Structure formats: C-alpha cells, structure tokens
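Reader: Could you show me how to read a residue's surroundings and the pockets in a model?

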Amino acid sequence: MNKAKYTYVWVSLVILVFGIIFVPRIIERVKGHSIVENDRISVKDNSDRLAYIMLDGKKRRVPSFEFIDQDSLLVTEADYKGKVFVVDFFFTSCPSICPLMTKNLVALQNEFKDERDFGIASFTITPKTDTPSVLKAYAEKNGISHLDWHLMTGDREKIYELANTGFNIFAAEMPDAPGGFEHSGLFALVDKKGYLRSRVDEFGNPIVYYRGAITEEQGQNDHGETEQISALKEDIKKLLVE
C-alpha cells in the first residue's frame, strides 16, 4: 500500500470513530433539549447588552440631588424615577463645547419627543449667573421643550460634588479655559431604576460615558474621535423596553 492510500485509510478511520462516538451524543442532547445557552456563541447577543457601571463591586446609582430648574420648580432624582434619562454638565455662556452638547441633546429630545419614559437632566456649573430666568431664556433659544428636560441650578459646591464625585464627570473653574471653566463633554446614561449604564467596547469593557460634543453630522472631531450620539439613541431605545 502506497503512502497516499495509507493516509486516506487512517483519515477515514478517524472520521468513522468520531461519528460512532460523538454524533449519537449530539443527537441525544438535541432531542432532549439539553444544549444550553453557553454552547451557542452569539456576538450580536453580547453587543446588545448594556453594562452596569460598577464601583467597589456595586452597581452605581444616580446620587441624590435637589435643585431648581428653569421654571423655578424643585427637582430631585425622584422626578426621574421610572424614566431613562441622560445627564450632562454645562453652562449657558460656554463658548466652546456646550453649543454642540445642547444641539445633540435637542436631537435626543426630538428623537424621543413622544416617549413619556424619557428625560434629560442638565446641571449648570455656573449657578451664580445661570439663574432660573437665564436658563429659561437658554431653553427657549435652543428649542428645549420636553417636559422632562430640566436645566438645573443651585448651590455651587453641591453641583461640583455631583459632577466630580457623584457622576465622576469633570468640572472645574479655570481662568485660562474658554469661558473661565473647564468641563467634560460627556453624557451619562441612566436606566429606569436609577442605575448608570453603557454599551461595551470591542474588548467587552463598558465605555461608561458617551461623547456629547460631536454631532452625528460631524462624524468625528479634529482628534479623530467618532460621534456616539447615534449609539446613544440606540441604547436609550434598549433601556426603554427593559
């Protein structure tokens, strides 16, 4: 017997043994419905799950807060109970990223204008000048009309604590920064139960926050960072049906 025929016989024998031993077992598992979810690999299923943001092994919740909005109404975290909402920190005289952030939030407002379980929580980092009347004028100027979009002002220290410690979204007074203040252009996403959520990256890690200062029309900024508003829209829809 030549080498080619010898190899063919061995390959055929291996296939035959595999079929005798393993195929009946597989058939039995299928018949008995014993194939479990871990046996199935689904990239789509994993990408559809929104992660919880963790801190010290616990799911992070929205911190408690109490501020006055553009209509001079008292607003607390309880007013967002049962709603999916987006959080940002801004100021009305911001000459840099805030106009883009507001534009993106208005786009979200319009996307979910008929959704009663959606809201936006915007906190000013210049509460001394951003009074309720100033916030009201800003809302009218920018087409902010959603009943659950509150532009909030109040005690300066409490706002900065909420930003830097509560949400871990940077905000600080810096004389050399545009407008005299430095702050992050990030958006936080909160589910109906008050937990911070986000999608995961290609490595399975939560992105934590969404870039709020790049519009869908821009696509990406000068640093090569891509917009995430389209992703945020998708993720809001996922949380609305949870």
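Predicted model: local features only at pLDDT ≥ 70, side-chain atom pairs only at ≥ 80, totals over all residues.

Reader: Is Thr124 buried or exposed?

Author: Buried means under 20% relative accessible area, exposed over 50%, partly exposed in between (1.4 Å probe, protein chains only). Thr124 comes out buried, at 0%.

Reader: What does the side chain of Thr124 make a polar contact with?

Author: A polar contact is a pair of N or O atoms within 3.5 Å; within protein, one must be able to donate a hydrogen and the other to accept it, and residues adjacent in sequence count only if both atoms are side-chain atoms. Here the partner is the side chain of Asp130, at 2.5 Å.

Reader: And how do I look for pockets?

Author: Rolling a probe the size of a water molecule over the atoms shows where empty space is left. On a 1 Å grid over the protein atoms alone, a pocket is an open set of points where a 1.4 Å probe fits, with protein on both sides within 12 Å along at least five of seven lines; lining residues have an atom within 4 Å of a point. The largest pocket holds about 260 Å³ of space. Its lining has 14 residues, with Ile97, Ala213, Ile214, Asn221 and Glu225 the closest to its centre.

Reader: Which residues lie nearest the centre of the second largest pocket?

Author: Ser64, Phe65, Phe67, Lys158 and Leu162, out of 13 lining residues. That pocket has a volume of about 210 Å³.

How values were computed. Residues numbered from 1 in each chain as written. Heavy atoms only, no water. Points joined across faces, edges and corners; volume = space filled by probe spheres on them.
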